[in-house]
Amino acid sequence: MEEKQIVSQAKALGLTGEEYLKIEAILGRTPNFTEICIFSAMWSEHCSYKNSIKWLKTLPKEGPATLVAAGEENAGLIDIGEGLACCFKIESHNHPSAIEPFQGAATGVGGINRDIFSMGARPIAQLNSLRFGNIKNERTKWLVEGVVKGIGTYGNSFGIPTVGGEVYFDDCYQTNILVNAMSVGLVKVGESVSATAEGINNPVYIYGSSTGKDGIHGASFASKDISEDSVNDLPSVQVGDPFWEKLLLEATLEIIQTKKIVGIQDMGAAGITCSTSEMSAKAGVGMHIDLDKVPLRQSGMKDWEILISESQERMLVVVEKGHEKEIEAILDKWDITYAQIGKVTDTKNVEFYQKGMLKASIPSESLVLGGGAPVYERKFREPSYFEKISSFDDKKINCPKDLISVAKFLLAQPNIASKNWISKQYDSMVGTITQTTEMKSDAAIVKLENSEKSLAMTVDCNSRYVFANPKIGGSIAVAEAARNIVCSGGKPLAITNCLNFGNPYNEEVYYQFVHAIKGITVACEALETPVTGGNVSFYNQSTSDGKSVYPTPTIGMVGLIEKQSHITSMSLQKVDDVLYLLGPMSEDFNSSQYLAKYHHVEYSPAPSFQLSEEVKLQHSLLQAIRNGWISSAHDLSEGGLFCALAESCFQHEIGCQITLNSKVRMDALLFGEAQSRVLISVAEDKANYIEEHFHSHNVQYTKLGCTVGDELKINDHNFGTVSALKKIYSGSIAKELSND
Amino acid sequence: MKFGVVVFPGSNCDQDLVNAIERVTKQKAIKLWHKETNLQEVDFVFLPGGFSYGDYLRSGSIAKLSPIMQSVVAFANKGFPVMGICNGFQILCESGLLPGALLRNTNQKFICQNSLLKVENTKTILTSQLQSNRRYKIPIAHGEGRFFANPETIASMEAHQQILFRYVDDNLEASEQANPNGSVKNIAGICNTNKNVFGMMPHPERAADLALNNQDGEGFFLSILHHFEHELA
């Protein structure tokens with residue numbers, strides 16, 4: 001093939017002219033088509049993080065509990081005591097889900113779980129963060145239906161409980177939905193495995209599903225904007241099989257138990273190419289791979305198709321020479337297809353052969369992140385829409401007369417209303433460790449076997465705040481996640497993040513990205529929750545209107561609950577308890593759901609937030625919980641104080657009577673979303689301790705009233721019976737989405 | 001006594017069941033691999049929930065052909081006790097050990113939630129320690145849990161007291177509102193005429209732990225234990 005033709009193919013596959021020259025320099029010759037495909041996949045944004053890595057490196061990675069830091073392995077690892085480590089990670093599957101919601105979401109769940117069990121950890125819980133466009137839009141309904149069914153079908157069959165998540169509906173996600181899946185697993189300290197390929201001549205095996213033509217160029221597809229032609233990329237969407245994944249899980253953990261393997265990696269983006277080159281690069285070795293030995297789903301597949309296929313449920317394992325039979329016996333037991341496809345070599349090159357011909361030979365190091373993959377510094381500039389935000393004047397927003405109707409309007413808003421219609425399609429109880437089935441809490445809680453401890457976990461990001469102020473919004477996402485963990489009775493340990501943004505070549509988008517990372521960084525440092533890993537998803541914007549999604553750095557957080565008695569519900573527990581608001585009584589209603597959905601104001605500043613106040617609040621609240629003083633704790637988020645109150649009332653249908661200072665504007669008091677605030681209820685005889693405790697910790701508190709009856713009353717206004725409010729709250733999403 | 005829990009590829013409630021049995025009854029529970037035919041002298045066989053062989057064709061339709069099921073059918077036909085929960089119930093219906101079939105839920109969706117059960121017959125080895133005048137809060141988690149049988153079969157099952165559990169509301173009524181999946185007559189669990197083969201869609205093993213704040217499922221396991229300790233002794 002002529003060089004000119006190769007150059008134009010390289011461009012068509014997404015490589016820049018500069019990148020092409022770099023490839024020529026690495027190889028010292030003109031690359032062939034197969035090699036171009038390999039570089040295109042490995043140097044895609046999705047695999048190389050070329051436009052984000054510079055900033056990702058600034059995130060705090062080390063903490064007292066960190067065992068494996070971000071970027072070292074498929075997922076991070078933290079020490080949770082008693083000889084156990086927790087392995088967790090969140091990942092996006094946005095682009096495939098936007099055009100094929102069922103398979104896109106299903107394979108997202110599959111991929112993230114493989115990241116966990118390829119480390120030797122058994123997944124114990126899953127969460128997800130979903131964002132869609134307007135709920136009234138027909139396409140949105142189709143997308144929700146498909147995504148939820150995809151997550152359910154895959155996760156339910158795989159048999160790991162889906163214990164938590166968040167769902168948002170906003171117009172900015174109309175074309176580009178976001179599907180972020182998180183998995184949390186456990187492994188004994190010292191028994192986790194690495195994705196490495198040491199030992200010259202050690203055999204390399206592929207096992208799991210056969211390789212087909214699905215998902216070819218998936219990594220490249222995920223690295224561009226969604227356009228009208230995206231539907232032509234349908235073959236780029238992978239197809240999932242949860243049954244195979246379940247077998248793969250059991251067999252993989254059994255294989256690891258033999259301690260006769262050198263390393264394992266799952267096959268995700270860029271398939272065989274990625275796993276062979278990353279494992280080789282990690283150990284500074286090469287691999288000789290015979291593509292004829294790869295079990296194929298169809299005949300006549302070309303070498304490059306085999307190499308970059310993203311067929312799901314496949315693993316690559318390097319076995320210690322001499323122990324092949326032992327490993328094969330386990331795979332036979334689980335009826336899993338496998339083949340030895342090559343061996344580790346000292347050439348430092350990944351070499352792929354087909355029919356005896358060398359089809360590609362590339363230094364493994366040159367392909368990977370941290371090696372030869374390009375690293376770019378992108379320019380950024382302050383977004384022009386910031387002007388509209390700074391010119392917002394809240395005095396121009398009139399306080400509605402009938403706040404009771406506003407309250408009911410907000411309870412029915414899809415971003416506030418119960419997501420039960422969605423969550424009950426997921427098996428949340430398999431595994432019999434889920435403690436938040438019977439006891440609602442701000443974070444999902446799962447019990448550790450034979451232990452007094454539990455893990456608390458959550459995913460959070462209010463992207464409206466990040467849009468308003470990327471740095472503060474990024475900090476709030478971390479703070480809110482930590483606040484949820486603390487309200488459940490846990491100590492926040494670490495985070496994983498899924499950074500969903502628009503096109504990085506757009507300088508305003510890149511500004512959002514850089515500043516969100518800065519915000520996450522300061523919050524992680526202040527709250528002592530290092531980043532253990534995650535992923536970046538750029539190009540969440542459509543070519544038709546050039547609009548990108550709100551900057552959405554989803555934070556997945558895990559915390560540790562030291563004792564069963566610390567587990568704290570968000571629900572009011574009994575009548576005659578005293579209600580307090582921790583944090584300020586604020587007049588701020590910036591970027592609230594109230595302002596956005598009731599007044600239709602799109603541009604306003606982020607809600608007020610002071611990191612030092614947040615830290616004080618969380619430390620003192622966790623201490624009060626551990627002292628046994630708190631009956632319930634619920635973080636104020638979307639819908640502000642009123643919605644927090646109502647949500648606390650629902651589970652046990654307990655009402656409350658509270659009094660608010662009527663000198664400040666009531667709509668802000670009720671529906672504002674100023675940060676660092678928690679609603680707590682305490683038994684009457686604990687009230688004195690509480691007041692003294694928070695006073696001495698210099699945390700603002702306000703006694704609101706008490707739990708009483710079955711109605712929600714504020715000052716002289718009766719907002720209705722708890723059961724009537726609950727009906728609005730729990731029925732709203734079902735009404736929009738149900739076709740039964 | 002010794003319990004056996006069959007493990008098919010795709011079973012995912014097997015370990016939960018072993019844990020619940022051992023925690024509640026303090027007896028041994030062993031796993032039986034689908035490729036084996038030896039039941040290892042267990043006294044009671046459980047078929048757990050999950051997605052045996054992926055359940056891609058029809059739930060339970062492949063599992064019934066597995067080697068272990070040939071032994072389980074023979075075991076049941078000799079009068080020994082066998083119980084299927086969720087996917088296990090589907091497998092027992094497919095195997096012909098229990099009447100009826102489990103169809104797709106009427107809303108065409110997977111449903112995971114608590115359900116309230118009323119015990120219709122307390123004279124079986126599964127229900128002897130349960131009470132007929134209280135609600136049992138037991139979770140369901142299935143896409144194909146709508147029990148169906150023709151009217152003659154239902155009439156015969158009722159005549160033989162084979163209906164063990166129905167989905168009920170707070171007032172113990174088998175109302176339409178309390179029926180999560182469209183099961184005929186709110187049927188949640190049944191047994192064979194010989195009262196030694198049991199099937200139910202709800203998961204008692206998910207409601208048998210103080211740490212999860214629901215112990216309503218413990219009585220199911222304690223009934224079995226009671227039978228072996230007292231009736232057989």
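Reader: How many residue pairs are in polar contact between chain B and chain A?

Author: A polar contact is a pair of N or O atoms within 3.5 Å; within protein, one must be able to donate a hydrogen and the other to accept it, and residues adjacent in sequence count only if both atoms are side-chain atoms. Between chain B and chain A the count is 14 residue pairs, both residues at pLDDT 80 or more. This is a predicted model, in which local features need pLDDT of at least 70 and side-chain atom pairs count only at pLDDT 80 or more, while totals for chains, interfaces and linings use all residues. Residues are numbered from 1 along each chain as its sequence is written, chains are lettered from A and ligands numbered from 1 in the order in which they are written, and side-chain values use heavy atoms, with hydrogens and water left out.

Reader: Which elements of chain B supply at least two residues each of the side that touches chain A?

Author: Helices (H or I, at least four residues) and strands (E, at least two) are DSSP runs, numbered from the N terminus. In chain B, the elements are α1 (14-25), β6 (111-119) and β7 (136-142). The largest share, four residues, comes from β6(B). By type, this side of chain B has 13 nonpolar, 12 polar and six charged residues. Here Ala, Val, Leu, Ile, Met, Phe, Trp, Tyr, Cys and Pro count as nonpolar, Asp, Glu, Lys and Arg as charged, and the others, Gly among them, as polar.

Reader: How many salt bridges does the rule find across the interface of chain B and chain A?

Author: The rule asks for a side-chain nitrogen of Lys or Arg within 4 Å of a carboxyl oxygen of Asp or Glu. Four salt bridges are found across this interface. One of them pairs Glu438(A) with Lys137(B), whose closest N and O atoms are 2.6 Å apart.

Reader: What area do chain B and chain A bury between them?

Author: The size of an interface is often given as the accessible area lost when the parts come together. Buried area is that loss (1.4 Å probe), summed over both parts. Chain B and chain A bury about 2600 Å², with 55% of it on carbon and sulfur atoms. Lys109(B), Cys112(B) and Leu212(B) supply 22% of the area that chain B buries against chain A, more than any other three residues. In terms of contact (heavy atoms within 4.5 Å), 31 residues of chain B and 36 residues of chain A take part.

Reader: Is Ser676(A) buried or exposed?

Author: Buried means under 20% relative accessible area, exposed over 50%, and partly exposed in between (1.4 Å probe, protein chains only). Ser676(A) counts as buried because its relative accessibility is 6%. Lys259(A), at 52%, counts as exposed.

Reader: What is the phi of Lys259(A) near?

Author: Most residues other than glycine have a negative phi. Lys259(A) has a positive value, near 60°, and lies in the loop between α10 (242-257) and β8 (261-266) of chain A. Ser676(A) also has a positive phi, of about 60°; its place is the loop between α24 (666-671) and β22 (678-682) of chain A.

Reader: How many residues of helix α3 of chain B are buried?

Author: Seven of the nine residues in α3 (residues 87-95) are buried, including Phe89(B), Ile91(B) and Leu92(B). Just after α3(B), Gly96(B) takes a positive phi of about 80°.

Terms used: Buried area = accessible area lost by both parts, 1.4 Å probe.
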